[in-house]
Every structure is written in structure tokens, then in C-alpha cells.
Amino acid sequence: MPAAHRKPRPRSLSGGTGRTAATLALASAATVTALDGGAAHAEPELSPTQVRAKVDKLYQEAEVATQKYNGAKEKADGARKKVDALQDEASRRTESLNSEREKLGSVAASEYRTGGVDPSVQLLLSSSPDAYLDKASLTERIGARQAASVTRVQGELREIDQLRGDADGTLSELRAKKAELEDNKKKVKRKLAEARRLLDRLTPEKRTPTATQSGHASRSAERADLSQATNSRAKAAVSFAYGALGSPYVWGATGPSAFDCSGLTQAAYKAAGVSIPRTTYAQIDAGPRIPKSRLQPGDLVFFYSSISHVGLYIGDGKMIHAPNPSAPVRVAPIDEMPFAGATRVA
């Protein structure tokens with residue numbers, strides 16, 4: 001075959017040209033990696049102030065999710081109680097139904113001894129009397145005494161069906177609330193884990209600004225604050241809050257040894273004999289709104305546009321609140337967070 005028609009022999013990459021190509025390929029890949037991923041994942045060095053600001057934002061976002069969790073849990077607990085009540089009522093009605101059927105059975109036995117059982121009674125005592133009971137002609141085919149019993153049985157059957165239907169509907173609601181609970185629980189845990197990761201970058205003394213480290217108050221300050229309270233219930237709530245100073249923040253907790261923000265205020269007023277809702281966005285409607293200029297000890301003070309945080313006002317521009325997992329229940333100025341409103345409960 002002429003040399004002009006021969007295929008050119010492939011050149012080996014093991015030589016200098018191959019090494020050059022491989023080097024260029026690796027360099028190109030490294031450049032792409034740096035542009036696409038490496039630089040993007042490198043976190044900038046934050047100052048302690050920036051870290052605390054970021055952590056505060058995460059805690060506030062976690063508190064929004066916590067209040068949603070608390071609200072869903074409250075509704076789920078209510079749905080569970082409703083299901084239990086409906087099921088108990090259905091059981092009671094079933095017993096009543098059985099009693100009526102026993103009475104009709106006695107009538108049937110008597111008729112059998114005296115010459116036969118009415119066909120309508122036979123059907124009524126069958127294993128599936130429901131369809132027969134729905135026939136409008138039933139009461140015309142039996143005596144007045146049996147008709148009254150059948151009417152009662154018919155009513156019991158319908159009410160039991162209604163109760164069971166209500167229970168099924170409430171169970172569906174309960175399942176939906178449980179799913180919402182889990183979703184909000186995951187959000188809270190994710191936000192808190194991220195906050196802890198950021199705080200771990202800082203030394204303990206830099207994690208909390210010095211100005212807000214003091215959480216306890218003297219007994220004389222407590223007495224002064226209680227003296228300003230307008231009634232006994234407000235005094236009792238403030239006194240409870242003072243007794244809770246130093247308790248840890250635990251999301252979803254309502255005491256007696258740990259609290260989240262709305263759990264603390266709810267527990268304080270429970271100790272005062274007053275029932276208020278569980279969540280911040282419901283507690284703000286637990287009484288008349290009060291302008292900031294007219295605050296008195298015992299008033300509930302709320303923060304952020306989402307109404308996601310609450311404290312108990314104690315006077316002199318201060319409150320007792322459960323801040324977040326990095327700090328226990330403490331005294332703090334109400335101006336340390338964006339003020340959203342206040343409510344007078346007692």
C-alpha cells in the first residue's frame with residue numbers, strides 16, 4: 001500500500017506533550033474547583049460583634065419557629081382531647097343502643113312464646129339492622145311500644161355515626177398538626193445548631209456582651225417592683241418571674257425548672273391564678289393593649305414585628321424574660337430588642 005494511504009500512528013501521551021496536556025488539564029480542573037466550590041465554601045472571618053449579631057438573628061428565627069411549634073402543639077393537644085371525648089361519647093351511646101336492643105329482644109322473646117315474632121323485630125335484631133331502620137314504613141308495621149324503642153335505636157345509631165365521623169375528622173386534623181410539629185421542631189433544631197456552631201468560634205468571655213451579662217436582681221429591687229404592681233395578680237406574676245431567675249431556656253418548656261419566653265409568662269400568670277394562651281401571638285391579645293409610656297409591673301411586653309418574643313415588665317424600663325439557649329431567665333432592659341407592643345393581663 002502506498003505510504004500516502006497509511007494511517008498516521010497515534011502519538012504517545014507518555015512523552016513531553018502528554019505530560020504538558022495532563023498538567024494543563026489538572027490546572028484547569030483546580031481552577032474550576034476553586035471558582036465553583038472552594039472559594040464559595042470558605043467562610044469569612046467574622047468579628048465577635050458580627051458573630052453575636054448573626055447568632056441573635058438565628059435565635060430570633062428559631063423563636064419564630066418555636067412559637068409556631070407551641071401553637072401547633074396546643075392545637076394538637078386540643079384535638080387529642082376532642083378525639084378522646086368523642087370516642088368516649090360513642091362508647092356510651094353504643095352501650096345505650098345495646099340496652100335498647102336488649103329491650104326489643106325481650107319483646108321478641110315474649111311474642112315468640114305467645115305465637116311468633118314480628119318480622120320487623122326479627123330484622124331489627126339482626127346483625128345489620130341499620131338499613132332496615134332507615135325504612136320509613138318501619139313504625140307502621142309494629143306496635144306503638146316497639147315503635148318508640150325503634151325510634152330511640154334509630155336515633156342512637158345516627159348519633160353514633162355522627163360521633164365516629166367527627167372523631168375521624170379530628171384524627172385527620174391531629175395527624176396534620178403532628179406533621180406541622182415535626183416540621184417546626186426541625187427548623188428550631190437547625191437554627192439552634194447553627195447558632196451553637198457560630199458561638200463555638202468565640203471565647204466564652206466574647207460570647208455575650210458585658211452589658212447584658214447580669215441577670216439577677218436584688219431582693220430590694222424585687223420589693224420595689226412589686227410595690228408598683230397595680231393588683232395582687234400582677235404582683236404574683238412578677239414574684240413568680242423573680243423566682244424563676246437563673247432557670248435555663250429550653251424551647252417548648254413551660255416550667256417548673258425551665259422555660260421558653262412565652263412558657264415563662266404563661267407560668268407566671270398561672271401562678272397568679274390567671275390562664276393566658278401559650279403562644280406570643282395569642283398572648284398579645286390576652287388583655288387590652290398598653291402604650292409603652294404607660295407600662296406597669298406585670299404587663300406583658302412583646303418584641304419583633306413577628307411578635308415572636310415576650311417578657312414580663314417589672315418597672316424602671318426592665319423586664320424578666322427567657323432570652324434564648326445561650327442565657328438563662330434574667331432581668332434585661334426592654335430596649336434591647338425591637339419593641340412591638342404591650343398587654344395588661346390582670
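Me: Leaving aside neighbours within four places in sequence, which residues is Ile290 in contact with?

Reply: Contact means heavy atoms within 4.5 Å. By that rule, Ile290 touches Leu295, Asp299, Ala342, Thr343 and Arg344. This is a predicted model, where local features need pLDDT of at least 70, side-chain atom pairs count only at pLDDT 80 or more, and totals for chains, interfaces and linings use all residues. Residues are numbered from 1 along each chain as its sequence is written, and side-chain values use heavy atoms, with hydrogens and water left out.

Me: Where is Ile290 found, and is it buried or exposed?

Reply: Helices (H or I, at least four residues) and strands (E, at least two) are DSSP runs, numbered from the N terminus. Ile290 is found in the loop between α9 (280-283) and β1. Burial goes by relative accessible area: buried is under 20%, exposed over 50%, partly exposed in between (1.4 Å probe, protein chains only). Ile290 has a relative accessible area of 8%, so it is buried.

Me: How many helices and strands are in the chain?

Reply: The chain has nine helices and five strands. Along the sequence the pattern reads α-α-α-α-α-α-α-α-α-β-β-β-β-β. Of the 346 residues, 38% are buried. Take the contacts between residues at least 6 apart in sequence: 65% of them join residues at least 24 apart.

Me: What does the chain average in pLDDT?

Reply: pLDDT is the predictor's confidence in each residue, from 0 to 100. The chain averages 74, and 64% of the residues score at least 70.

Me: Which residues have the most contacts inside the largest nonpolar core?

Reply: A nonpolar core is a set of buried Ala, Val, Leu, Ile, Met, Phe, Trp, Tyr and Cys residues joined through side-chain atoms within 4.5 Å. The largest one here has 51 residues, and Val55, Leu264, Tyr269, Leu300, Leu312, Ile320 and Val329 have the most contacts inside it. Two or more residues come from each of α2 (48-113), α5 (144-199), α7 (232-243), α8 (261-271), β1 (300-303) and β2 (309-315). The largest share, 10 residues, is from α2. A second, separate core has 10 residues, including Leu295, Tyr313, Ile334 and Ala342.

Me: Take Leu312. What is it in contact with, leaving aside neighbours within four places in sequence?

Reply: Among its partners are Ala237, Val238 and Ala241, then Thr265, Ala268 and Tyr269. Leu312 also touches Leu300, Val301, Met319 and Ile320.

Me: At what angle do α7 and α8 pack?

Reply: Axes are lines fitted to C-alpha atoms, for helices over the stretch in contact, and angles run from 0 to 180 degrees between N-to-C directions. α7 and α8 pack at about 130°, with axes 7 Å apart. Under 35 degrees counts as roughly parallel, over 145 as roughly antiparallel, 65 to 115 as roughly perpendicular and the rest as oblique. The two helices are therefore oblique to each other. From α7, the contact uses Arg233, Ala234, Ala236, Ala237 and Phe240; from α8, Leu264, Ala267, Ala268, Tyr269 and Ala271.

Me: How many residues of α8 are buried?

Reply: Nine of its 11 are buried, so α8 is largely enclosed by the rest of the structure. The buried ones are Cys261, Ser262, Gly263, Leu264, Thr265, Gln266, Ala267, Ala268 and Tyr269. Just after α8, Gly273 has a positive phi of about 85°.

Me: Which residues does a cis peptide bond join?

Reply: Gly255 and Pro256, with omega about 5°. Pro256 lies in the loop between α7 and α8.

Me: What is the phi of Ile307, and what is the phi of Asp316?

Reply: Ile307 has a positive phi near 50° and is not glycine. Ile307 sits in the loop between β1 and β2, and counts as buried at 17% relative accessibility. Asp316, also not a glycine, has a positive phi of about 55°. Asp316 is in the loop between β2 and β3 (318-321), and counts as exposed at 63%.
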